[in-house]
Amino acid sequence: MTSHLTTDPAQTLRERLGDLVVLPDDAEYDQARMPWNTAVDQRPAAVARPESAEDVVQIVRAAVDAGLRIAPQSTGHGAAALADTDLSDCVLVSLVGLRGVTVDVGTRSARVLGGSVWDDVLAAAAPHGLTALHGSSGGVSVAGYALSGGLSFYVREKGLAVNSVRAVQVVTADGSLVRASADENPDLFWAVRGGAGSFGVVVSLEIDLMPLADVYAGMLLWDASRAAEVVPAYAAWTTTAPESATTTLRVMHFPPIPDLPPFLSGRDLVVIDGAILESDAAATDLLAPLRALDPEMDTFARIPSAGLVAVHMDPPDPTPALTAHAMLGSLPDEAVAAFLEASALPGVFFLELRHLGGAATRPAEGGGAVSALDGEFLLHAVALAPVPEALAPAGAVVQAAVASFAPWQVDALALTFIDGGGVDPAQGYGASLDRLRELKLRFDPEGRFAAARAV
Ligand SMILES: Cc1cc2nc3c(=O)[nH]c(=O)nc-3n(C[C@H](O)[C@H](O)[C@H](O)COP(=O)(O)OP(=O)(O)OC[C@H]3O[C@@H](n4cnc5c(N)ncnc54)[C@H](O)[C@@H]3O)c2cc1C
């Protein structure tokens, strides 16, 4: 039989995949290649948009036959972490069409399709009084977050979200659809829990849900002119805060934007927010020293647990952001002073301290390549780059904000917060790196999968 395939890889994809694939000459290409982080100008050889696991199998096989690599992407919240990778020979597999969640109340678990976001899980779980170890944004995907660690507002008591993954279904480099769990393909299960997209396209995950219908959560907000009082008080408070409390502190600088509520628009603020897994009375006692600082706003109260995803006020819409982070072992007075200084650097949108430690630092029994994270605090700097000319200065300012914390840094990074900028992702894998690289050679010997935070 005569082959109708052309030698042009893109045309090969078109002939094999038809409308499942969008090519650079197609009118839809610019929309299809756009990630959530619009500071990233990703230009893959093609964008494939599967709607089923079988579509993903066909896409991976066609890409391999065309000599192209494959980059899975669910939302593009982590697109900056992929931006150092040349995508000109890659099919970007955009999983936006592969969403859906089925809750199993009996086993307190959910089956989540590969492109699903946390909002999907919460909508399905909340009616049963269940929730999950989601992060601060409901728009982040379950796969991209949980398989790279996942730091939730429950992390100090419940540990990293990656430890709540029971099984995954992955399309591997040879184009087969395999299930990996503690009992099936255990090496792949170990590797993907940390190695994420380096090992294949995850088409579904099974995750634990928690019986938690409501939670004591919210935020305290002050004008940034109070930062010199609030930041040291928070640092002191965290030294005795129990593992049931997971909180963050941010100094934030909002431009005057009419769409923002008046308490944010054009304002410089200090915000403490988070969740406390205690009774109302115990949580009230715990927050008393912070409330004594007389915040301008105090929303801490018992809320439906699905509402926790709104507490951090992450932007739902695509946003052009550059970030940098470091893990800190402690927060002595000198580090607090450095935080106050760095948070006022012109161009910083916000500087954040996420209080970690506790269960986040304890490796899970039967855990995967990543199951814990060293450090008591995650320091996170974010700058906005709404126009291309702002990219370099925004990148420079987030690096500068983090650089001054070298004396308190521990030798670790949180994979989910690695966001490009020349950072070596190896630092996020620690002692697992060698075995991960061996397994990468076994499961993907030709290096077909291009992923954020590549192993
Ligand atoms: C506003 C905002 C809030 C955030 N909040 C938190 C937080 O509270 N806690 C926290 O820990 N992190 C947080 N993050 C970081 C976020 O968890 C990571 O960037 C995460 O990797 C994003 O996953 P994604 O799939 O949505 O992004 P994408 O850019 O789509 O994916 C990132 C990478 O994940 C892999 N991936 C995604 N989907 C699949 C799949 N189906 N199969 C195989 N590989 C896949 C790929 O390697 C891809 O390159 C936040 C990020 C943003 C922008």
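**Entry 1: the ligand shell**

I first sorted the residues of the shell around the ligand and found 13 nonpolar, 16 polar and three charged. For this sorting, Ala, Val, Leu, Ile, Met, Phe, Trp, Tyr, Cys and Pro count as nonpolar, Asp, Glu, Lys and Arg as charged, and the others, Gly among them, as polar.

I note that this is a predicted model, in which local features need pLDDT of at least 70 and side-chain atom pairs count only at pLDDT 80 or more, while totals for chains, interfaces and linings use all residues. Residues are numbered from 1 along each chain as its sequence is written, and side-chain values use heavy atoms, with hydrogens and water left out.

Which residues come nearest to the ligand? Of the 32 residues around the ligand, I list Ser74, Thr75, Ser136, Ser141 and Arg453 as those that come nearest. A residue is near a molecule or strand if one of its heavy atoms lies within 4 Å of it.

**Entry 2: polar contacts and burial**

I looked next for polar contacts, that is, pairs of N or O atoms within 3.5 Å; within protein, one must be able to donate a hydrogen and the other to accept it, and residues adjacent in sequence count only if both atoms are side-chain atoms. An oxygen atom of the ligand lies 2.8 Å from a polar backbone atom of glycine 78. For serine 136, I again found a polar backbone atom at 2.8 Å from a ligand oxygen atom.

The ligand taken alone exposes 950 Å², of which the protein buries 94%. These accessible areas come from the Shrake-Rupley method with a 1.4 Å probe; for residues, only the protein chains shown count as cover.

I then asked which elements give two or more residues to the shell around the ligand. They are β3 (69–73), α5 (142–146) and β10 (201–208). Helix α5 gives the most, with three residues. Helices (H or I, at least four residues) and strands (E, at least two) are DSSP runs, numbered from the N terminus.

**Entry 3: the five-stranded sheet**

I traced an open, antiparallel sheet of five strands in the order β5-β6-β10-β8-β9. Two strands pair if DSSP finds at least two bridges between them. The edge strands, β5 (101–104) and β9 (177–181), each pair on one side only.

β5 and β6 form a hairpin with four residues between them, and arginine 108 in the turn has a positive phi of about 45 degrees. The two strands pair over four bridges, and valine 103 has alanine 110 in β6 as its bridge partner.

Helix α4 (residues 118–125) lies across β5, β6 (109–113) and β10, at about 40 degrees to β5. Axes are lines fitted to C-alpha atoms, for helices over the stretch in contact, and angles run from 0 to 180 degrees between N-to-C directions. Contact means heavy atoms within 4.5 Å.

**Entry 4: the four-stranded sheet**

I recorded another open sheet, of four strands in the order β1-β2-β4-β3, with mixed pairing. Its edge strands are β1 (21–22) and β3. Strands β2 (residues 46–48) and β4 (residues 90–94) pair in the parallel sense over three bridges.
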